[in-house]
Amino acid sequence: MKIIDASNTAFVKQELLQKRLKKGNGVLEAYVKEIIGKVKAEGDAALIELTKKFDNVSLDAGSLRVSREEISKAYEKVAEDQISALKSMKVRLETVEKRILERVSMTVKIDGVRIDFRTCPMQRVGCYVPGGVAAYPSTLLMTVVPALVAGVPNIVVCSPPDKNGLPNPLTLVAADICGVDEIYRVGGPQAIAAMAYGTQTIKPVDKIVGPGNVYVTVAKMLVSRDVAIDFPAGPSELLVLADETANPRYIALDMCAQAEHGPDTVVGLITTSKSLAKKTLREIEENLKSVPRHEIVAKALADNGFMVVCKTLDEMVELTNNFAPEHVELMLKNPEEVVKKIFAAGVILVGQYSPASLGDYYGGTNHVLPTGGYGKFFSGLSCLDFMKRVAVLNCSRKGLSKAREHIRILSEAENLPCHFKAVDGRFNIEK
């Protein structure tokens with residue numbers, strides 16, 4: 001991992017951008033499009049064939065959905081402390097999401113016009129939960145709980161089967177804790193296609209949420225022409241903004257922790273202290289000697305890790321907003337100054353005791369976050385993503401009378417005379 005001098009800001013921005021550039025997207029898109037087309041044309045038969053091909057699991061149409069008995073038996077394969085941790089996580093997420101929901105509905109009164117903003121939940125949503133090499137029961141909670149709080153009546157979960165032919169037992173338990181029993185042992189682009197267009201067994205949904213590998217991400221982007229998605233989610237990202245007061249060991253631990261998400265993970269340190277960068281690099285090298293999942297962590301740091309030394313905090317902020325990372329950690333003497341200036345990030349974690357791991361599991365914020373620069377215009381997943389706001393407008397005769405002249409002027413300017421006639425006719429009906 002090299003230390004980059006930020007004296008040439010344009011060069012540094014380009015260097016960071018290179019961490020995200022992927023080759024062969026055209027080939028990948030064509031490949032995923034073919035899978036989606038197969039599922040649209042053949043339905044369940046395609047899911048069965050593709051699950052055998054990619055997961056080496058034999059299914060039939062009757063076994064695509066995980067049975068109630070299989071969900072119950074999953075409890076036998078997990079520990080009590082794991083169940084307790086999932087329940088605690090669910091409570092914290094619900095607490096935060098309910099507070100968000102409280103702030104959405106409102107009433108506004110202006111000159112005889114009353115506007116009530118009410119919320120309507122989507123009726124059916126699909127949550128994709130990655131599996132295979134690793135299991136992510138936390139992601140199930142992060143996607144399902146906001147939908148529950150929003151009031152979505154029908155929630156579907158798709159997750160790939162392991163060698164035993166089932167999604168991870170802890171994922172099934174997490175679904176049961178949330179009261180979700182429509183779970184399908186299907187993963188990859190074929191799961192996205194099934195939720196988007198439906199099959200003989202799986203009914204289509206209104207929206208698909210949840211992270212996945214590059215194939216899942218491309219599939220979500222392709223089906224987004226026909227069904228809503230949360231946002232494209234690529235490899236995980238972490239930027240640590242630190243000054244000379246930061247602890248290099250904490251920074252190294254957090255960068256290694258994020259790197260274990262996968263070899264494509266992007267992790268970086270942006271600092272005003274070259275000394276801190278060198279100390280952090282030594283801490284990383286020491287940590288790598290004993291870190292679990294060494295091969296994954298080492299590859300991510302070697303291929304996609306970086307350290308940038310800036311002269312000022314403003315330079316650090318400029319680079320951060322330009323990169324728009326998934327996670328930003330602030331280990332600064334006065335982080336409050338910087339928080340106000342960062343507008344492009346999935347989540348901002350303030351202080352040496354707010355690692356990304358806290359947000360992933362127990363902080364109360366959602367860990368389904370925009371990556372790949374999408375933090376410039378997307379927010380992290382919340383209950384707001386599972387509902388629509390509907391405005392209910394009620395105007396009195398007096399209120400419409402006050403608006404009458406304004407409507408005449410603007411409707412004439414836009415050459416829409418019938419718009420004004422619809423208003424004026426309510427006051428000249430006797431003529």
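Trainee: K220 and D230: buried or exposed?

Mentor: Both K220 and D230 are buried. Buried means under 20% relative accessible area, exposed means over 50%, and partly exposed is in between, with a 1.4 Å probe and protein chains only. This is a predicted model, where local features need pLDDT of at least 70, side-chain atom pairs count only at pLDDT 80 or more, and totals for chains, interfaces and linings use all residues. Residues are numbered from 1 along each chain as its sequence is written, and side-chain values use heavy atoms, with hydrogens and water left out.

Trainee: What do the side chains of K220 and D230 form?

Mentor: A salt bridge, 2.7 Å from N to O. The term needs a side-chain nitrogen of Lys or Arg within 4 Å of a carboxyl oxygen of Asp or Glu.

Trainee: Where do the two sit?

Mentor: K220 is in helix 9 (residues 214-223). D230 is in the loop between strand 8 (228-229) and strand 9 (237-242). They are 10 residues apart, and the pair links distant parts of the chain. Helices (H or I, at least four residues) and strands (E, at least two) are DSSP runs, numbered from the N terminus.

Trainee: How many salt bridges in the whole structure?

Mentor: The search finds 19. One of them is R68 with D176, where the closest N and O atoms are 2.6 Å apart. R68 lies in helix 4 and D176 in helix 7 (residues 169-177), so this pair ties together parts 108 residues apart in sequence.

Trainee: How accessible is R68? And D176?

Mentor: R68 is partly exposed at 41%. D176 is also in the partly exposed class, at 21%.

Trainee: Which residue does R185 pair with?

Mentor: E70. The closest N and O atoms of that salt bridge are 2.7 Å apart. R185 sits in the loop between strand 6 (183-184) and helix 8 (188-197), while E70 is in helix 4, 115 residues away.

Trainee: R185, buried or exposed?

Mentor: Buried, with 6% relative accessibility.

Trainee: How much space is in the largest cavity?

Mentor: About 40 Å³. Grid points are joined across faces, edges and corners, and a volume is the space filled by probe spheres set on the points.

Trainee: What lines it?

Mentor: The lining includes H327, D360, N366 and H367. Strand 13 (347-350) and helix 15 (356-361) are the elements that give two or more residues. Helix 15 has the largest share, three residues. By type, the lining divides into four nonpolar, five polar and one charged. Ala, Val, Leu, Ile, Met, Phe, Trp, Tyr, Cys and Pro count as nonpolar, Asp, Glu, Lys and Arg as charged, and the others, Gly among them, as polar.

Trainee: What about the second largest pocket, how much space there?

Mentor: About 200 Å³. It has 15 lining residues, and the closest to its centre are I100, N366, G380, L381 and S382. Helix 5 (residues 80-102) gives the most to that lining, with three residues. The lining has six nonpolar, seven polar and two charged residues.

Trainee: What does S138 touch?

Mentor: M89, D360, Y361 and H367, not counting residues up to four places away in sequence. Contact means heavy atoms within 4.5 Å. S138 is found in helix 6 (residues 137-150), and S138 is buried at 7% relative accessible area.

Methods:
1 Å grid on protein atoms, 1.4 Å probe; cavity = no way out; pocket = protein on both sides within 12 Å on 5 of 7 lines; lining within 4 Å.
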